[in-house]
Amino acid sequence: MVRKASEKAFGEAQKVMPGGVNSPVRAFRAVGGTPFFADKGEGPFLFDIDGNRYIDYLLSWGPLIWGHAHPEIVQAVQAAAAKGTSFGVPTTLETEMAQAVIDAVPSVEIVRMVNSGTEATMSALRLARAFTGRQYIVKFEGCYHGHADSLLVKAGSGVATLALPDSPGVPSATAQSTLTIPYNDIAAAEALFEQRGHEIAAVIVEPVAGNMGCILPVPGFLEALRRITAEHQSLLIFDEVMTGFRVSFGGAQERFGIVPDLTTFGKVIGGGLPVGAYGGRRDIMAMVAPAGPMYQAGTLSGNPLAMAAGMTALRMLKDAGRDGLYAGLETRGKQIVDAFINAGNKHGIPTSGHAIGGMFGLFFHSGPITNYAESSACDKERYAQFFHGMLNAGISLAPSQQEAGFMSAVHGDRELAETIEAINKVFAEL
Ligand code: PMP
């Protein structure tokens, strides 16, 4: 596959942007090679500036559950833009959006819209500290919650890929107020709370991890976090930036039947535009300005274009039958995982994987993969070969094994068959 225009574009980009990109994972550091530059998207397909077509399982890192440029979402954004792109005074669209999130996610009684997942998690932590009057937060190794200072500690995703243990520039005092333990380790959580429970404002967790590959919570893990935090009057924050409206309509909390105190959102709720949100218990959210003293604000928060895109995506998910739609996404994800594992078995290459709702993960390791240490032990070189093989066959996967894959509602049987055929072909050449 020829990518001359992308190579030239990347050369130009590197002269004017750090590493040639506006977000590190786009630079293909984990898999090597030159990133391709997008020209346009259409349903399950992404076209690069050389005219190559890819079946896209990156889907802008999760938001595009309706694929690229869905006509209804495009039309909603166009209609909103025609009326004005930002007002800085309230719109009824914002109330509609808040109501839609509250209706879908019962633990959320009040919600505040922001502009990114990072803002959502950063604000939720500030709120947890304000509400409890405690300083410490607990996160899990390999979970990524955006790039706020206190969360860039043992973070997965791009940080893991680039092997930045803790980013320079994060004050050590800030990093010290973040306590980290391994994902899925109930005993470690119990021991930590035994020691320091009275100082811990909140536990923040990806209820299905998506930033060290797609990793499922072991049975009892989320239940234990709910029990332990309640016992110690700490808050439980589900970071559903990736899983919200993606593993099921009501997020991972609906799927696993857990009620967190606060939840953060992003990705799917923006319908492909920059959006985040945080919400939860009414008594906690009452602390947020101007209702309460915890300050948090945003010039463009609740932006009408973003609200229109997000509302349309959510309405379409509801209209498409909610649970049936997510079951369909999971079935197709499982077919990809199965094809990957079977091809590994056939060629004597250790493989494993997971699929849940519209998320999936592929590992060059016999598994099980349950935490960051295990995900880091997977064969990275083999993944890089596999990634480039698939890309040249016209299939775009995440450019790191420690990232999740995403399925859209517009990926059909034909795309799936093409993907499975490519998996078999690429494994034969590994
Ligand atoms: N939390 C989770 C679970 C995420 O996956 C991400 C982004 N991948 C974030 C927070 C940060 O979101 P954003 O990139 O929009 O700031």
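This report describes the confidence, domains, helix packing and local backbone features of one predicted model.

The model is predicted, and local features are reported only at pLDDT of at least 70, side-chain atom pairs only at pLDDT 80 or more, while totals for chains, interfaces and linings use all residues. Residues are numbered from 1 along each chain as its sequence is written.

**Confidence**

The mean pLDDT of the chain (the predictor's confidence in each residue, from 0 to 100) is 96, and 97% of the residues reach at least 70. Helices (H or I, at least four residues) and strands (E, at least two) are DSSP runs, numbered from the N terminus. For the complex, the predictor gives a pTM of 0.97 and an ipTM of 0.99.

**Domains**

Two domains are listed for the chain: domain 1 (4-69 + 322-429) and domain 2 (71-319). Such bounds come from an automatic or database domain assignment. Taken over C-alpha atoms, the centres of domain 1 and domain 2 are 25 Å apart. Two residues are in contact if their C-beta atoms, placed from the backbone, lie within 7 Å. Across the boundary, 33 residues of domain 1 contact 36 residues of domain 2. On the side of domain 1 that touches domain 2, at least two residues each come from helix 12, strand 11 (352-356), strand 12 (359-363) and helix 13 (372-376). Strand 12 gives the largest share of that side, four residues. By class, the side of domain 1 that touches domain 2 has 18 nonpolar, twelve polar and three charged residues. Here Ala, Val, Leu, Ile, Met, Phe, Trp, Tyr, Cys and Pro count as nonpolar, Asp, Glu, Lys and Arg as charged, and the others, Gly among them, as polar.

**Helix packing**

Two packed helices are described by the angle between their axes and the distance between the axes. Axes are lines fitted to C-alpha atoms, for helices over the stretch in contact, and angles run from 0 to 180 degrees between N-to-C directions.

| Helix pair | Angle | Axis distance |
|---|---|---|
| Helix 12 (323-347) and helix 15 (413-429) | about 20° | 9 Å |
| Helix 7 (186-196) and helix 8 (221-231) | roughly 10° | within 10 Å |
| Helix 3 (92-104) and helix 11 | roughly 35° | within 10 Å |

A crossing is right-handed if the near helix is turned clockwise from the far one by less than a right angle, and left-handed if anticlockwise. Helix 12 contributes Arg332, Gln335, Ile336, Ala339, Phe340, Ala343, Gly344 and His347, which meet Leu416, Thr419, Ile420, Ile423, Asn424 and Phe427 of helix 15. This contact of helix 12 with helix 15 has eight nonpolar, five polar and one charged residues.

Helix 7 and helix 8 are likewise roughly parallel to each other. Ile186, Ala189, Glu190 and Phe193 of helix 7 touch Phe221, Ala224, Leu225 and Ile228 of helix 8. Seven of these residues are nonpolar, none polar and one charged.

Helix 3 crosses helix 11 in the left-handed sense. In helix 3, Leu93, Glu94, Glu96, Met97 and Ala100 meet Pro304, Met307, Ala308, Gly310, Met311 and Leu314 of helix 11. The classes in this contact are eight nonpolar, one polar and two charged.

**Local backbone features**

The peptide bond from Ala289 to Pro290 is cis, with omega near 5°. Pro290 sits in the loop between helix 10 (282-285) and helix 11 (304-319). Gly367 and Pro368 are also joined by a cis peptide bond, with omega about -5°, and Pro368 belongs to the loop between strand 12 and helix 13. Leu59, a residue other than glycine, has a positive phi near 50°. Leu59 is in the loop between strand 3 (53-56) and helix 2 (71-83).

How values were computed. Angles under 35 degrees count as roughly parallel, over 145 as roughly antiparallel, 65 to 115 as roughly perpendicular and the rest as oblique.
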